[in-house]
Amino acid sequence: MKTKKLLSLLLAGAMSASLLAGCGNTNETAETGDDTADGGETTQTSDFQYIQDKGTLIVGITNFAPMDYPDENGEWIGFDADMAKAFAQEMGVDVEFIEINWDNKIMELESGAIDAVWNGMTLTDEVTNSMSCSDPYCVNAQVVVVPSDVAGQYQDADSLSELSFAVESGSAGEDAAEALGLNFTAVQSQSTALMEVASGASDACVIDLLMAGAMIGEGTSYPDLTYTVNLNEASGAESEYYGVGFRKDSNMAESFNNFYAAMYEAGKVQEIAQTYGVQESLVAPQASADTAETADTADAADAADAAA
Amino acid sequence: MSASVTFSSVTVTLFEGLVTTAQLFFLTLVFALPIGLLLSFGAMNRWQPFRMLRGTKFASGRFGCALSELRPISLVVKTVVWIIRGTPLMLQIIAIFFGPRLLWGFDLIDRFPSALLTFVINYACYFSEIFRGGIQSVPVGQQEAGLVLGMTKGQIFFKVTLLQVIKRVIPPMGNEFINLVKDTALARTISVYEVLWMGESFIKSAGLMWPLFYTAVFYLAFNGILVLLFGWLEKKLDYFRA
């Protein structure tokens, strides 16, 4: 009996020892984990190299005409999609487009599930703080969209206070609506915001000028909607710019800026822009863009005309 | 673009999503059912490694007493089940897909397998509780009778207990299966393109709301088949009343 007890005690001791050893092991693996994370950071400093080694540039997008949208065959086209394809070709890698949940874009990027957020992304503080962003390539504004038949009544910022607005949650449009003290509801996407107005659930919505240009008016799904007030002009706020987002501390943004400048110089950017009707919004590469923003746009338009 | 969207093209797109939904559903069941059964055994495990302390001087203290009654396997399983049932499935999906990548730069698990893994873990925990309820509802007297007749524990479980368990867990399992069909929609958080994602995609691409509501038909049909299947199973097992 006594030996049995002793044996049990010994076994129990051995088990707790192995448990402790197990703990030790976990710590060790955790440390190695940290090491790999460090290693990950070193590769992040040469993100360009990492993507080249991998052989594929994975671009996170949403379905957002005219920047990224599928053609009849399901292939992704649009101004951003075509630019991404050209950039990947320049890098000598394949390009893969993945539709992501826009709310998770930073996690997608930081986790390496995608390599770039390239989808008419407005360079807000949220974005520039958490990503390594390219120089702006498009200029954008937030506009108010209302049904055409009442558009006449809402031509200035003062007339907007009585309306109920729908804005995309976390978008530049929401910021603008908040800044003006408008009465708004945050919805999932800009297209949901348009649906709100079309269905009458909201009186108006605030969306990107670029999107408004492509999505509403005659020949679109929303022929009865139109845009009126430019909130950036109305509030005297700075214009918004679109940029490409890469992983924080990545050298990809710089590579893209150089690529963009060269493409712009060659008139290729203007060509692609013309295809998708965004030539008015193009921004010249930063090096030659010390002049005012309006001049930039004019330059871009001129250059685009010249290219055409 | 919007001009090319027709009822049949939407239907085809939603069917593509349904394939993903169905894969997620069936694969989850294939893995979660056996794992759930194992977990239920774990939760009922009575192994007390420090039992021999009982009656000793050490066990008279509060700590020693607790230690002598500790059932480590059961405790670990119950803790895991508590964590998994106690946190939102959506959070688990995000954590399992993004977590390893963010912490260790480990990116071997793609979107679909990652969603599948989350569903398997989550549903195995729910199933384990259902199995446990089923097993414990079979009177202990039957096991004792089996022992008296000289049956082994394995024989008792497979020949006496299991069939009664299956019969009893069918109604709650029906609930969980139907929940699983609908929960697969959460996989769209990490861009697994299932039915609901496909339905929503038409809002962005063509400004169409109706495909989103049309997805309900697909879910209803899927669940309708399950309801019929479970009704048939219940009938089939009706021949013995335990």
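Reader: Let's start with the open sheet in chain A. What is the strand order, and how is the pairing?

Author: The order is 10-9-11-8-12, so written for 5 strands of chain A, and the pairing is mixed. Keep in mind that this is a predicted model.

Reader: Which strands stand at the edges?

Author: Strand 10 (183–187) and strand 12 (225–230) of chain A. Each has a single partner strand, so one side of each has no neighbour in the sheet.

Reader: By how many degrees are neighbouring strands turned against each other?

Author: On average 35°, direction ignored.

Reader: Strands 8 and 11 of chain A: parallel or antiparallel?

Author: Antiparallel. Strand 8 covers residues 142–147 and strand 11 covers residues 204–208, with 4 bridges between them.

Reader: What stands opposite V145(A)?

Author: C205(A), in strand 11 of chain A.

Reader: Which strands does helix 6 of chain A touch?

Author: Helix 6 (residues 172–179) packs on the sheet and touches strand 8, strand 9 (164–168), strand 10 and strand 11 of chain A. Its direction makes about 145° with that of strand 9.

Reader: And helix 7 of chain A, which strands does that one lie across?

Author: Helix 7 (residues 190–199) lies across strand 8, strand 9, strand 10, strand 11 and strand 12 of chain A. It runs at about 150° to strand 11 of chain A.

Reader: Back to helix 6. Is E174(A) buried or exposed?

Author: E174(A), which has its place in helix 6 of chain A, is buried. The cut-off is 20 or more other C-beta atoms within 10 Å, and E174(A) has 22 C-beta neighbours inside 10 Å, so it counts as buried.

Reader: What does E174(A) touch, leaving out residues up to four places away in sequence?

Author: V167(A), E168(A), S169(A) and A186(A). Take A186(A): it is 12 residues from E174(A) in sequence, and the C-alpha atoms of the two are 7.3 Å apart.

Reader: New topic, domains. How is chain A divided?

Author: Domain 1 is 49–139 + 240–307, and domain 2 is 142–234. Their C-alpha centres lie 25 Å apart.

Reader: How many residues are in contact between the two domains of chain A?

Author: 8 residues of domain 1 and 6 residues of domain 2. On the domain 1 side, the touching residues are 3 nonpolar, 4 polar and 1 charged.

Reader: Where does strand 5 of chain A sit, and how many of its residues are buried?

Author: 7 of the 7 residues of strand 5 (residues 116–122) are buried, so strand 5 is largely enclosed by the rest of the structure.

Reader: What about strand 1 and strand 5 of chain A, parallel or antiparallel?

Author: Strand 1 (residues 56–61) and strand 5 run parallel, joined by 2 bridges. V59(A) stands opposite A116(A) there.

Reader: And strand 5 with strand 13 of chain A, in which sense do they pair?

Author: Antiparallel, over 4 bridges, with strand 13 covering residues 240–246. M121(A) stands opposite G243(A) in that pair.

Reader: Helix 3 of chain A next. What should it span?

Author: Helix 3 (residues 79–91) has 13 residues and should span 18 Å at 1.5 Å a residue. Its end C-alpha atoms are 18 Å apart, which agrees.

Reader: Which residues of helix 3 are buried?

Author: F79(A), D80(A), A81(A), D82(A), M83(A), A84(A), F87(A) and A88(A). They pack against elements of chain A including strand 1, strand 5, helix 10 (252–265) and helix 11 (268–276).

Reader: What follows helix 3 of chain A?

Author: G92(A), with a positive phi near 80°.

Reader: D249(A) isn't a glycine. What is its phi?

Author: Positive, about 65°. Most residues other than glycine have a negative phi. D249(A) is in the loop between strand 13 and helix 10 of chain A, and it counts as exposed, with 12 C-beta neighbours inside 10 Å.

Reader: And S191(B), buried or exposed?

Author: Buried, with 20 other C-beta atoms within 10 Å. S191(B) also has a positive phi, about 60°. Its place is in the loop between helix 7 (153–183) and helix 8 (195–206) of chain B.

Reader: Last one. How many helices and strands does chain A have?

Author: 12 helices and 13 strands. Of the 308 residues of chain A, 44% count as buried.

Note on methods:
Residues are numbered from 1 along each chain as its sequence is written. Chains are lettered from A and ligands numbered from 1 in the order in which they are written. This is a predicted model: local features need pLDDT of at least 70, side-chain atom pairs count only at pLDDT 80 or more; totals for chains, interfaces and linings use all residues. Two strands pair if DSSP finds at least two bridges between them. Axes are lines fitted to C-alpha atoms, for helices over the stretch in contact, and angles run from 0 to 180 degrees between N-to-C directions. Two residues are in contact if their C-beta atoms, placed from the backbone, lie within 7 Å. Domain bounds come from an automatic or database domain assignment. Ala, Val, Leu, Ile, Met, Phe, Trp, Tyr, Cys and Pro count as nonpolar, Asp, Glu, Lys and Arg as charged, and the others, Gly among them, as polar. The expected span of a helix is 1.5 Å times one less than its number of residues.
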